[in-house]
Each structure stands twice: as structure tokens, then as C-alpha cells.
Amino acid sequence: MTTMIKICGLTDKAAVTAAIDAGADAVGFVFAKSPRQVTAAVAATLASDVPAHVQRVAVMRHPSNAEWQEVLARFAPDVLQTDADDFLQLDVPAKVERWPVYREGAVTADTALPATFLYEGSNSGTGERVDWGLAATYARRGRMILAGGLSAANVTAAIESVAPWGVDVSSAVESAPGMKDPAKIAAFVIAAKSAKLN
Ligand SMILES: O=C(O)c1ccccc1NCC(=O)[C@H](O)[C@H](O)COP(=O)(O)O
């Protein structure tokens, strides 16, 4: 079994190509307010050559249904990633996979976690790392995508201690906020793939 790798917050074609060439399984485009924010039209252009085995993820945070419908119509993502409660008010067709975001501090032992979920801290895209010990307990309850503060330097250890289904990175593979660095993307993927899984 290998760990799913998502490179998030892509804003230019070179970064998309770097993620695909490195062997990423998913590429994320941020539509929320962020230094990485792109329009649905730009994301559609950036993702036009993404091969079918790489999932194209629409990353949002508290969108209105109208904002989501615009992204759905123009970008046609494979996956919608947004805070778990957002899904209550969004019309998401069955063909779009859901990656609800659960945030550290808001999850307890009693929280009903879905089959697949993303787990991170309060502030997306800021390099904020979660408690891996706690994350490991939640990772046993479903297909967790671990996010927040991962980098080429720590992703191997993160995978080996948390055992998530997937990992997600953004700021640590950038040269500046919103500017992805192809060499850092490649290094992250190599490090993630080198993790020893039981
Ligand atoms: O990346 C953003 O700026 C962002 C803004 C608003 C909502 C979500 C956002 N990113 C979501 C991601 O999936 C990031 O990859 C994740 O938060 C990890 O970020 P980082 O700690 O920088 O690796």
C-alpha cells in the first residue's frame, strides 16, 4: 500500500507539471481567499493536461452554493475539499468525491468521522502542524489525509508515525507564498514515497 500524495495550491503550469512528473496522486486548486487563490477558469486551464489517474481537487472554505456551482461548471473537479459543515448547504453531484476537512480541536473521540476526510489545524496553507499523536488515533478511523506543516524534511516521519491514507502539502513546497518550487515538490514526493509502511 502507498500513501496518497496531494500537492495543493498550484498557481502555474510548471508546478502542475512538476507535481505530475514527481508522481503526485492529486493536485489542488484553491478557490478560497488565499495567496494561492485562482479562478475557476484559470484552474481549468492549469489542469487541462492533468492525466486521468491524478485527481483534480477544488479546495474551498465556506463557499456559497453559487460559488461552488461556478467552480463545478467551469473547473469540473474530481473532488471537492471544504470544511465538513459546508457540505450541508452545497449541491454536490455524486460523481464528485468529497474530502471534508476536520480541524484539530474540533474533533473528539465522539466525532462521527466519514470514510475519507482531511485533517489539519485551524489555518489552512500556513504550515501549521497538528499533533501527530492525536492525529494517529483519528487516522485509524478512516482514510485520513494528513495536512498542515508537512515538508520534505518531516513527511517520512509523519507517515510512519500517523499512518494516514494520504498527505497534503502546500506552503513547504513554495519559494514564496503562492509560488510553487518544482524542486521542493519533487523532494516532497520522494520523501513521502520513501516512508516505511507496516
Ligand atoms: O492553501 C491555502 O491558502 C488555503 C486557503 C484556504 C483554504 C484552504 C487552503 N489550503 C488547503 C490545503 O489543502 C493545504 O494544502 C493545507 O492546508 C496544508 O497547508 P500547509 O500547512 O501550508 O502545507
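Begin by selecting strand β3 (residues 55-59) and strand β4 (residues 79-83), which pair in the parallel sense over three bridges. Two strands are said to pair if DSSP finds at least two bridges between them. Helices (H or I, at least four residues) and strands (E, at least two) are DSSP runs, numbered from the N terminus. Within this pair, V57 stands opposite V79 in β4.

The model is predicted: local features need pLDDT of at least 70, side-chain atom pairs count only at pLDDT 80 or more, and totals for chains, interfaces and linings use all residues. Residues are numbered from 1 along each chain as its sequence is written.

**The barrel**

Next, display the eight strands, which close into a barrel in the order β1-β2-β3-β4-β5-β6-β7-β8 with parallel pairing. From one strand to the next, the twist averages 25°.

Now select strand β6 (residues 116-120), which is mostly covered, with four of its five residues buried. A residue is buried if 20 or more other C-beta atoms, placed from the backbone, lie within 10 Å of its own. On one side, strand β5 (residues 97-103) pairs with β6 in the parallel sense over three bridges; here Y102 has Y119 of β6 as its bridge partner. Strand β7 (residues 143-147) also runs parallel to β6, joined to it by four bridges, and F117 stands opposite M144 in β7.

**Helices α5 and α6**

Turn to helix α5 (residues 155-162) and helix α6 (residues 182-193), whose axes come within 7 Å and cross at roughly 35°. The axes are lines fitted to C-alpha atoms over the stretch in contact, and angles run from 0 to 180 degrees between N-to-C directions. The crossing of α5 past α6 is right-handed, that is, the near helix is turned clockwise from the far one by less than a right angle. To see the contact, select V155, T156 and I159 of α5 together with F188, A191 and A192 of α6; residues are in contact if their C-beta atoms, placed from the backbone, lie within 7 Å. By class, this contact has five nonpolar, one polar and no charged residues. Ala, Val, Leu, Ile, Met, Phe, Trp, Tyr, Cys and Pro count as nonpolar, Asp, Glu, Lys and Arg as charged, and the others, Gly among them, as polar.

**The ligand**

Finally, select the ligand. Which residues are closest to the ligand? Of the 24 residues that surround the ligand, the closest are C8, S34, S124, G125 and S171. A residue is near a molecule if its C-beta atom, placed from the backbone, lies within 6 Å of it. The elements giving two or more residues to this shell are β2 (26-30) and β8 (166-169). The shell divides into eight nonpolar, eleven polar and five charged residues.

Technical notes. Contact = placed C-beta atoms within 7 Å. Buried ≥ 20, exposed ≤ 12 C-beta atoms within 10 Å, placed from the backbone.
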